[in-house]
Amino acid sequence: AQSLSDGTEISAEPGTVLDIEMTPHRRGLVLRSGAIFLDAAEDANRPLQVLTSDAVVTVVGTRFGVAIKQNSTQVGVHSGMVDVQVDGGQSERLTPGQAARIDVSGLSLFPLRANAFSWKDGQIVLEGQTLAEALDTIARYSARRTLILRSLPEESVNAVVAVDSADEAIDALARDYELSVFRPPGFTIIF
């Protein structure tokens, strides 16, 4: 976790691209890719804003997460409240246990999954992802760059993986789906 000058704590998923803009009048985070979980310090005069290409998430003090996944922005609230606003003016206030997905069709609400930000606690939870999506998710936690050189079956993957066991998880999936893995220095090549 990283501490900002205002006391806000940020945990970021590996590979996350985040710009931090802290001024005496504004607290802003621009999430370009990946996922973050925040324990936001309270500051009524400078609400914290997280901007993505789909939404502006505004909070005064709370614990919440924002992720960019599968061409959408996803927001989940653990405690406190956040306001989510999308281009076109639609907005919703989220309370603990609520989540929102923002994509080309607008803003939709749903219950926050208990494992929505499990990476923060050292686990990767895969639920119904295709094999390609699962390998892509796991690969973000590997120190190696992962290349997939063949088409993969569209089968659903359900698993829980420790974030510090990414290479072992890739090997296990490769065995299960009869794939080959080659690891030259700095790379994992799946074929």
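This report walks through the fold of a predicted model, from overall dimensions to strand pairing and helix packing.

## Ground rules

Since this is a predicted model, local features need pLDDT of at least 70 and side-chain atom pairs count only at pLDDT 80 or more, while totals for chains, interfaces and linings use all residues. Residues are numbered from 1 along each chain as its sequence is written, and side-chain values use heavy atoms, with hydrogens and water left out.

## Overall picture

The chain has 2 helices and 17 strands. Both kinds of element are DSSP runs numbered from the N terminus: helices are H or I with at least four residues, strands are E with at least two.

Along its principal axes, the C-alpha trace spans about 55 × 35 × 25 Å. The radius of gyration is 18 Å, which agrees with the value near 16 Å that a compact globule of 191 residues would have. That radius is taken over C-alpha atoms, and the globule rule is 2.2 Å times the number of residues to the power 0.38.

## Strands β8 to β12

Two strands count as paired if DSSP finds at least two bridges between them. Strand β11 (residues 98–103) pairs with β8 (residues 72–79) in the antiparallel sense, over 4 bridges. β11 also runs antiparallel to β12 (residues 106–111), this time with 6 bridges. Ala100 is a handy landmark here: Ala100 is the bridge partner of Val75, and Ala100 also stands opposite Leu109 in β12. The link from β11 to β12 is a hairpin through 2 residues.

## The three-stranded sheet

Further along sits an open sheet of 3 strands, ordered β14-β17-β16, with mixed pairing. Its edge strands, each pairing on one side only, are β14 (145–148) and β16 (181–182). β14 and β17 pair in the parallel sense over 4 bridges, with Phe187 of β17 as the bridge partner of Arg145.

On the other pairing, β16 and β17 (residues 187–190) are antiparallel over 2 bridges, and Phe182 stands opposite Ile189 in β17. α2 packs on this sheet, touching β14, β16 and β17, and its direction makes about 10° with that of β17. The β16 and β17 hairpin has 4 residues between its strands, and Gly186 in the turn has a positive phi of about 85°.

## The helix pair

Helix α1 (residues 131–139) and helix α2 (residues 166–176) pack at an angle of about 160°, with their axes 9 Å apart. Axes are lines fitted to C-alpha atoms, for helices over the stretch in contact, and angles run from 0 to 180 degrees between N-to-C directions. That makes α1 roughly antiparallel to α2 (under 35 degrees is roughly parallel, over 145 roughly antiparallel, 65 to 115 roughly perpendicular, the rest oblique).

The α1 and α2 crossing is left-handed, meaning the near helix is turned anticlockwise from the far one by less than a right angle. Contact (heavy atoms within 4.5 Å) is made by Leu131, Ala134, Leu135, Ile138 and Ala139 of α1 and by Ala166, Ala169, Ile170 and Leu173 of α2. By class, the contact residues are 9 nonpolar, no polar and no charged. Nonpolar here covers Ala, Val, Leu, Ile, Met, Phe, Trp, Tyr, Cys and Pro; Asp, Glu, Lys and Arg count as charged, and the others, Gly among them, as polar.
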